[in-house]
Amino acid sequence: MERSHLAITALAFLAFTPSAWAQAQQDVLKKEMIGQWELSTTERSKTCVVTLKNDATPQGFRLELEPNCATALPFTKDITAWNVRGLDIVRLQDAAGQPVIDFTEVESGIFEGLRQGEGVYILQNLAAARSLAKSMDQMIGDWSMVRGNGQAVCGLTLTNTEATGDNFQVFLKPKCDPAVAAFAPTQWRLDHGRMLLLSANGQSWQFEADDNAQWRRVPDSADPLIMIRGQ
C-alpha cells in the first residue's frame, strides 16, 4: 500500500515538472490559436485574413492566407506555416522554419509582433477585428469636446482620410478653447480600445469610452474633457 502511494506521488511530481508544465502551456495556446485571425497594421489600414489549422507540417502547422495578403502585407508571401515557441510566442514562419514574425499576447485575443524597419503588426481574432472596424466606422463624423459640466470647448471632425502611418486626419472647428487650440490635433486613431488625438509636434491625448457612449480623457481629472457626438 505504501509503495503504491509513493508511486502515485512520484508520477504526480513528474507530471508537474517544468518541462511538462511548459508543454501543457504550449498545447493550450496551440488549441486557442486554431481558427481565423486578422493580421494587420496597428489600426487596420492594411489587413490580411490568416486561417491557422492544426494539421502538422514538417516545420509546424498548416495555415492559409487569403489571396490579397501578399499585396496588402508583402512580407506574408514568405509565410508557409505557424508554430508556438516557448510559453507565449506565436510564430509565423517560412519554409525553413525561420520566423517571418513572432507575436506575443498583449491582451486577451490580441497579439503584437515587430518587424525591424517596418513597425508593429497586430494579430487578433477575426470576429473581434471586424467588430473594431465597425466601431471605427461609427467614429467618423462631427464631435464636440465638452467639460464635465457640459460646457462646450471645441468642435472637431474625425475623418477616414489616411494621414501618416495608421492615423487618420482630424480637423478642429473655429473658436476652440485655448488649451485645445494650442494642442491642435491633426490626426487620430483607435488604439486597443482607446481613442488617440495626436498633434503635429508628437503630443497625444487619450480618451476611453464610458458607460454613456462618451469618450473621457484619461487619466481622469476633477475637470474632465469629454468627447460627445456633435450636431
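Predicted model: local features only at pLDDT ≥ 70, side-chain atom pairs only at ≥ 80, totals over all residues.
Residues are numbered from 1 along each chain as its sequence is written, and side-chain values use heavy atoms, with hydrogens and water left out.

Two disulfides are present in the structure, a disulfide being a pair of cysteine sulfur atoms within 2.5 Å. When the bonded cysteines of the protein chain are numbered in sequence order, the pairing reads 1-2, 3-4. Secondary structure elements are DSSP runs numbered from the N terminus, with helices (H or I) of at least four residues and strands (E) of at least two. Accessibility is classed by relative accessible area as buried (under 20%), exposed (over 50%) or partly exposed (in between), with a 1.4 Å probe and protein chains only.

C48 belongs to strand 2 (residues 47–57) and C69 to helix 3 (residues 69–72), so the bond ties together parts that lie 21 residues apart in sequence. C48 is buried, at a relative accessible area of 0%, and C69 is buried at 1%.

The other disulfide joins C154 to C176, with an S to S distance of 1.9 Å. The link of C154 and C176 is right-handed, with 50 degrees about the S-S bond. C154 is located in strand 10 (residues 152–162) and C176 in the loop between strand 11 (168–172) and helix 5 (178–183); the pair therefore ties together parts 22 residues apart in sequence. C154 is buried at 6% relative accessibility, and C176 is buried at 17%.

Most residues other than glycine have a negative phi, and most peptide bonds are trans. K175, although not a glycine, has a positive phi of about 65 degrees. K175 is placed in the loop between strand 11 and helix 5 and is exposed, with a relative accessible area of 84%. A184, also not a glycine, has a positive phi of about 50 degrees. A184 occupies the loop between helix 5 and strand 12 (185–191) and is partly exposed, at 29% relative accessible area.

The peptide bond from V218 to P219 is cis, with omega near 0 degrees. P219 lies in the loop that runs between strand 15 (215–218) and strand 16 (225–229).
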